[in-house]
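Here are some quick notes to go with the model, written as numbered points. Have a look at the fold first, then read on.

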Amino acid sequence: MKIFIDCTHTVKHTYKNTGIHRVVRELTSELLKISSNRTDIEIVVVMFDGIFIRSVTNLNQQQYDHLVKVNKYLALTKINIKIQSLLLKLKNKFMNFLYILNLINLFDSNSENNKKVFLEFEGSIIEPEDIYVIADANWDLPKTYYRFLQLLKRHKVTIVVICYDLIPIKFPEFASKRFTKAFTKFYSDYSILFDKVLCISKKSAEDYSNARIQGLLTNNNSQIIQSFRLGGNYYKHELLLSEENNKHDVKLQQLLNKKYILVVGSLVPHKNIKTIIAAFDLLINSSHDDVFLVFAGNKGWDSETDNFIESNEMYGKLIQILGSVTDAQLDFLYQNCYCLVQASFYEGFGLPVVEALQHCKPVIASNGGSLPEVGGDFCRYFSPNQPTELYEALKELLDSEIYYNNLVERIRNEYVPFSWQESAEEFLSCLYN
């Protein structure tokens with residue numbers, strides 16, 4: 001049996017390193033390792049090219065040079081997005097036209113002889129028992145993608161989607177209008193095709209079920225909704241290859257002897273950046289003026305959030321934005337940070353929480369979404385609408401070295417990390433159940 005893992009978005013955007021891209025790479029890498037020791041399954045990594053799928057040979061490579069260019073020309077991001085959006089629409093219309101022609105030719109050529117239509121991939125037949133997993137953020141693909149999935153469905157291939165969260169549907173105020181429209185349309189139109197929905201937390205699975213009950217998604221009575229847990233470690237081979245680069249990264253080396261609070265993730269509204277800045281201001285004004293605040297993540301689409309950070313008098317001094325970072329750079333940041341803050345109004349999982357805990361670092365997290373589920377009783381929680389609560393939690397850590405060290409020791413001795421290998425095995429178990 002073949003299990004196709006659709007990684008289209010990660011393949012096309014190798015310069016990005018969002019949470020979803022990291023999940024796609026780590027999960028796929030572990031699935032490939034597992035399948036190499038089994039004869040009953042074959043993991044096939046693919047991408048959709050606008051008409052059909054083609055194999056992907058290297059998913060773990062990150063284009064570091066491209067990454068530098070993206071950060072260097074960050075000011076042009078919003079203009080680039082508009083241009084890319086226009087080009088994407090034109091490309092999608094063209095691909096849609098080509099795909100329709102292909103389908104007409106496919107069925108016409110077989111109708112004359114009344115032969116059964118077979119789906120082939122690289123010389124082998126796609127069988128009815130095969131599974132197609134939409135593992136990536138494929139929300140902006142052309143209509144041809146829908147018709148391709150319909151074709152798989154017609155051939156009785158099981159279609160599975162990984163649902164990370166439904167934030168643009170549940171909280172549209174946290175996303176741009178363009179993204180909300182594309183995301184909502186994807187799930188409302190495509191959900192009828194999904195045989196299984198595998199969510200990354202119990203909270204995400206609950207949200208998906210509720211959205212279906214509320215009529216926000218097309219009701220598919222035979223659809224199965226399950227959840228599996230994400231890992232917290234990295235693809236170590238890639239880290240070892242990149243560790244040497246960190247020694248020559250000036251920004252990272254400057255942080256080595258500094259006490260810094262780490263925030264991981266894109267600077268978008270649902271990450272609750274304003275509360276973080278407000279709490280940090282209170283911290284600085286309370287004599288803790290030797291602490292740094294470091295953001296590891298891309299600037300988002302929301303100029304108000306960007307301006308809010310940049311207008312702070314500590315920006316460029318005690319407040320730093322590193323932009324998108326590689327896995328090796330992120331590992332370095334976790335190893336050397338004082339603590340992690342995850343202040344999101346809502347998260348479908350909260351990957352930085354488990355990654356920080358795996359590095360035995362204290363975590364102060366909001367009680368939004370799945371964060372309490374993921375962090376358990378190893379995190380200090382606060383209400384995302386209360387900056388003073390975050391400030392008080394940070395101050396408690398900073399004011400008592402004994403309290404801080406005891407917390408680190410407890411994490412080290414009691415926290416049980418969940419690996420990506422375990423995540424992949426749990427994922428496969430969900431596919432079979």
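**Notes on the fold**

1. Among contacts (heavy atoms within 4.5 Å) between residues at least 6 apart in sequence, 77% join residues at least 24 apart. This is a predicted model: local features need pLDDT of at least 70, side-chain atom pairs count only at pLDDT 80 or more, and totals for chains, interfaces and linings use all residues. Residues are numbered from 1 along each chain as its sequence is written, and side-chain values use heavy atoms, with hydrogens and water left out.

2. The chain has 18 helices and 15 strands, taken as DSSP runs numbered from the N terminus (helices H or I, at least four residues; strands E, at least two). Of its 433 residues, 54% are buried, meaning under 20% relative accessible area with a 1.4 Å probe, protein chains only.

3. In the largest nonpolar core, which has 132 residues, Tyr132 and Tyr187 touch the most other members. Such a core is a set of buried Ala, Val, Leu, Ile, Met, Phe, Trp, Tyr and Cys residues joined through side-chain atoms within 4.5 Å. Helix H11 (residues 273-284) gives the largest share of this core, seven residues.

4. Helix H5 (residues 143-154) packs on helix H7 (residues 177-190) at an angle of about 20°, with axes 12 Å apart. H5 and H7 are therefore roughly parallel (angles under 35 degrees). Tyr145, Tyr146 and Leu149 of H5 meet Phe186, Asp189 and Tyr190 of H7.

Notes. Axes are lines fitted to C-alpha atoms, for helices over the stretch in contact, and angles run from 0 to 180 degrees between N-to-C directions. Angles under 35 degrees count as roughly parallel, over 145 as roughly antiparallel, 65 to 115 as roughly perpendicular and the rest as oblique. Buried means under 20% relative accessible area, exposed over 50%, partly exposed in between (1.4 Å probe, protein chains only).
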